[in-house]
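Welcome, and please open the model in your viewer with the sequence panel beside it. We will go from one selection to the next and look at what is there.

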Amino acid sequence: MSYTDMDIEMKALSMLGSNVPDEDAQMLRTVCTAAAAELEGRLRRGVSSDDMTELFTTAAGMLAISMYMELGSAHSGGVSGFTAGRLSVQLGGASAALRKSAETMLGAYLDTGGFEFMGVQG
């Protein structure tokens, strides 16, 4: 492993563009570790994060921010707005977009776990 959890944390902090509150620093550290573990576990056989350190740390940082946002919105139930007249509820969707972007960045390296076409000698 040529990256550290601190590398991912620093990448996440740089993408956030601000410092996280002191009471949330440990939560960010934890989700950075979890994001790296999730992505490592999804890499295709024969692919190593060492082969793409910068790309991997960026994607893991984005995934960590997504997890961080999901945990933060859990306190409010994930609702970012509510209107009573003609009922309107808004849910935070930025974390899902970040997760999708992180997965797209590593798309060529991740095992989809889905259906694959295989050549069969006939």
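Start by selecting E9, which lies in helix α1; helices here are DSSP runs of H or I of at least four residues, strands are E runs of at least two, and both are numbered from the N terminus. Before going further, note that this is a predicted model, in which local features need pLDDT of at least 70 and side-chain atom pairs count only at pLDDT 80 or more, while totals for chains, interfaces and linings use all residues. Residues are numbered from 1 along each chain as its sequence is written, and side-chain values use heavy atoms, with hydrogens and water left out.

Is E9 buried or exposed? E9 is buried, with a relative accessible area of 9%; buried means under 20%, exposed over 50% and partly exposed in between, using a 1.4 Å probe and protein chains only. Leaving out residues up to four places away in sequence, E9 touches L28, R29 and C32, where contact means heavy atoms within 4.5 Å.

Now select M6, also found in helix α1. M6 is partly exposed, at a relative accessible area of 47%.

Next, show α1 (residues 5–16) together with α2 (residues 25–42), whose axes come within 9 Å and cross at roughly 115°. The axes are lines fitted to C-alpha atoms over the stretch in contact, with angles running from 0 to 180 degrees between N-to-C directions. That makes α1 roughly perpendicular to α2, a label that covers 65 to 115 degrees. To see the meeting residues, pick D5, I8, E9, A12 and L13 on α1, and L28, R29, C32, T33 and A36 on α2.

Centre on F56: beyond its neighbours within four places in sequence, F56 is in contact with Y3, A36, L39, E40, L43, S49 and L106.

Finally, zoom out to the whole protein, with its 4 helices and 2 strands in the order α-α-α-β-β-α. Of its 122 residues, 29% count as buried.

Conventions. Angles under 35 degrees count as roughly parallel, over 145 as roughly antiparallel, 65 to 115 as roughly perpendicular and the rest as oblique.
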